[in-house]
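Keep the picture open as you read, and look for each residue as it comes up.

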Amino acid sequence: MADENEPESYRHQRESFASWLLAQRNRGDWVDDLANAARADHTFPADGDAETVRAHLFTQQVDDDTFLAIDDAEAAWRSLTP
């Protein structure tokens, strides 16, 4: 069993990027728009990592601004975890 005090262990406990995104509500920023779109998309990879989300968005043919917003959202998500 991994030591809970080790940084590597934290990565295994981290909420997935997609789960975090889906849970975002009433932030008053652009993440709300991404989260609302993700919740409306029944094929959204609900437990995926950022690359899985990007791959899904690529198949949905979203615009470049959406990919930039995902990059920013991923940075925000990463800043929340050790």
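In this predicted model, the largest nonpolar core is made of 17 residues. Phe17, Trp20, Leu21, Leu34, Phe44, Val53 and Ile70 are those with the most contacts inside it. Helices H2, H3, H4 and H5 are the elements that give two or more residues to this core, and H2 provides the largest share, 5 residues. In soluble globular proteins, nonpolar side chains tend to be buried together.

- Ile70 sits in helix H5, which covers residues 64–79.
- Is Ile70 buried or exposed? Ile70 counts as buried because its relative accessibility is 1%, and the cut-off for buried is under 20%.
- Leaving out residues up to four places away in sequence, Ile70 touches Phe17, Leu21, Leu34, Val53, Arg54 and Leu57.

**Helix H3 (30–40)**

- The buried residues in H3 are Val31, Asp32, Leu34, Ala35 and Ala38.
- Why do they line one face of the helix? Seen down the axis of H3, these buried residues fall within an arc of 165°, so they share one face.
- Turned away from that buried side, another face of H3 carries the exposed residues Asp33 and Ala40.
- H2 and H5 are among the elements that cover the buried residues of H3.
- Asp29 caps the N-terminal end of H3, with a side-chain oxygen 3.1 Å from the backbone nitrogen of Val31.

**Helix H4 (50–59)**

- Which residues are buried in H4? They are Ala50, Val53, Arg54, His56 and Leu57.
- These residues are on the same side of H4 because they cover an arc of only 160° around the axis.
- The exposed residues Glu51, Phe58 and Thr59 are carried by the face of H4 turned away from its buried side.
- The cover over the buried residues of H4 includes helix H2 (17–23) and H5.
- At the start of H4, Asp49 has a side-chain oxygen that reaches to within 3.3 Å of the backbone nitrogen of Glu51.
- After H4 comes Gln61, which has a positive phi, near 55°.

Definitions and conventions: Residues are numbered from 1 along each chain as its sequence is written. This is a predicted model: local features need pLDDT of at least 70, side-chain atom pairs count only at pLDDT 80 or more; totals for chains, interfaces and linings use all residues. Side-chain values use heavy atoms; hydrogens and water are left out. Helices (H or I, at least four residues) and strands (E, at least two) are DSSP runs, numbered from the N terminus. Buried means under 20% relative accessible area, exposed over 50%, partly exposed in between (1.4 Å probe, protein chains only). Contact means heavy atoms within 4.5 Å. The arc is that of the directions from the helix axis to the C-beta atoms. A polar contact is a pair of N or O atoms within 3.5 Å; within protein, one must be able to donate a hydrogen and the other to accept it, and residues adjacent in sequence count only if both atoms are side-chain atoms. A nonpolar core is a set of buried Ala, Val, Leu, Ile, Met, Phe, Trp, Tyr and Cys residues joined through side-chain atoms within 4.5 Å.
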